[in-house]
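Let's take a walk through a protein together, one part after another. Keep the picture open beside you as you read.

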Amino acid sequence: MLSGVTYRASNLYLLETLNMTSDLSPIVQAKYAAAKTAADMVQDGMKVGLGTGSTAAWLVRCLGDRVRDQGLKIWAVPTSTRTAVLAREVGINVIPLDEAKWLDMTIDGADEIDSELNLIKGGGGAHLQEKIVATASDQMVVIADAGKVVDALGTFPLPVEVLHFGWRTSQMLIEETLVSMDVLGRKTSLRMAGDRPFVTDEGNHVLDLHLNRIGNPRQLALVLNQIPGVVENGLFIDICDRVVIGHGDGRVVVRDITTGTETSSTMDLDEGDNLFSDL
Ligand code: 5RP
């Protein structure tokens with residue numbers, strides 16, 4: 001699978017989507033199944049936050065299909081420039097968050113999901129906008145392939161967006177802070193895009209924290225955001241309400257933390273043929 005922080009730091013996430021024309025790998029089918037299921041949760045008249053990443057790109061395409069084929073009327077707030085471009089391309093009305101003010105639902109991907117539906121996000125470097133948009137929503141629905149579900153957060157490097165000004169100082173302060181945190185690793189690295197530092201939509205950098213295991217995600221999320229120069233970390237605590245987990249065979253499990261329910265269904269993946277051949 002094409003993945004990894006450097007790879008995700010660029011617009012190349014769309015290439016992962018495009019690759020499926022040649023091989024519909026189980027992981028891509030799982031992402032599609034989750035995205036399609038979540039797209040069907042969106043109702044006429046809703047204001048919807050659109051996440052960033054390869055799974056979210058499937059969601060945007062599925063919603064675009066519903067707009068075109070069913071006349072679905074929605075207003076969408078994208079969480080990145082690249083999602084905004086794709087949403088417009090597929091005919092979705094895009095508005096800024098400050099115009100929408102409050103959203104009915106945000107649907108987004110994740111890098112890791114634990115049993116309490118706490119998340120690591122930011123593999124695509126968009127977690128700042130993603131967190132703002134998700135918290136301005138009645139509910140956040142996370143779509144992912146089953147590989148994103150973990151016992152404990154931290155195997156995926158935790159993204160922390162920092163200001164360009166004094167980023168080395170912020171990095172040093174983060175490393176000092178990690179000494180007293182319940183984590184297994186303490187290395188940090190500046191995210192790169194080729195041979196240059198990655199720059200977010202807000203003009204900031206991203207530090208990736210290689211922690212291996214985060215013992216107390218809630219505490220770490222609070223502490224990191226106190227460090228000068230830190231703009232936002234990629235831990236989403238108590239923000240996600242529902243997860244839609246796709247499997248390579250078309251099975252989809254929906255878990256809702258508020259109602260405590262879990263439902264399972266199986267999608268006929270041949271349904272996706274038209275969407276796949278559009279690419
Ligand atoms: C972007 C994100 C993405 O949602 C996360 O990286 C998952 O991406 P993908 O769906 O491509 O696996 O947080 O900032």
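A helix here is a DSSP run of H or I with at least four residues, and helices are numbered from the N terminus. With that in hand, find helix 5, which covers residues 81-89 and holds alanine 87. Please keep in mind along the way that you are looking at a predicted model. How buried is alanine 87? Its relative accessibility is 0%, so alanine 87 counts as buried. Eleven residues separate alanine 87 from alanine 76 in the sequence, and their C-alpha atoms lie 8.2 Å apart in space.

Next, move to helix 4. This helix has 17 residues, and the distance from its first C-alpha to its last is 24 Å, close to the 24 Å expected at 1.5 Å a residue. Is helix 4 largely enclosed or largely open? Because 14 of its 17 residues are buried, helix 4 is largely enclosed by the rest of the structure. Just after the helix comes glycine 71, with a positive phi of about 70°.

Which side chain does the side chain of serine 54 touch through a polar contact? The partner is the side chain of lysine 31, at 2.8 Å.

Serine 54 also brings us to the ligand. There are 19 residues around the ligand, and those that come nearest are Ser54, Thr55, Asp111, Gly122 and Lys148. What kinds of residues make up this shell? Two are nonpolar, ten are polar and seven are charged. Helix 4 supplies at least two residues of the shell, and helix 7 (127-135) also supplies at least two.

Now look at the protein backbone around the ligand. A polar backbone atom of glycine 122 is 2.8 Å from an oxygen atom of the ligand. For glycine 124, a polar backbone atom lies 3.2 Å from a ligand oxygen. Alanine 126 also has a polar backbone atom by a ligand oxygen, here at 3.1 Å. How much of the ligand does the protein bury? Taken alone, the ligand exposes 380 Å², and the protein buries 98% of that.

Let's go on to helix 8, which is made of the twelve residues 167-178.

Glycine 166 sits in the loop between strand 8 (158-162) and helix 8. With a relative accessible area of 32%, glycine 166 is partly exposed. Along the chain, 63 residues separate glycine 166 from glycine 229, but the C-alpha atoms of the two are separated by 7.1 Å.

Most residues other than glycine have a negative phi. With that in mind, visit asparagine 212, which has a positive phi of about 65° although it is not a glycine. Asparagine 212 lies in the loop between strand 12 (205-210) and helix 9 (217-224), and at 47% relative accessibility it counts as partly exposed. Aspartate 238 has a positive phi as well, near 60°. You will find aspartate 238 in the loop between strand 14 (235-236) and strand 15 (242-246). Is aspartate 238 buried or exposed? Its relative accessible area is 56%, so aspartate 238 is exposed.

Our last stop is leucine 269, in the loop between strand 17 (261-266) and helix 10 (273-278). At 12% relative accessibility, leucine 269 counts as buried. Leucine 269 and aspartate 249 are 20 residues apart in sequence, and their C-alpha atoms are 8.0 Å apart in space.

Methods:
Residues numbered from 1 in each chain as written. Predicted model: local features only at pLDDT ≥ 70, side-chain atom pairs only at ≥ 80, totals over all residues. Heavy atoms only, no water. Near = heavy atom within 4 Å. Polar contact = N/O pair within 3.5 Å; in protein donor to acceptor, adjacent residues only side chain to side chain. Areas by Shrake-Rupley, 256 points an atom, 1.4 Å probe, with all protein chains shown as cover. Nonpolar A, V, L, I, M, F, W, Y, C, P; charged D, E, K, R; others polar. Expected span 1.5 Å × (residues − 1). Buried < 20%, exposed > 50% of the residue type's maximum accessible area, 1.4 Å probe, protein only.
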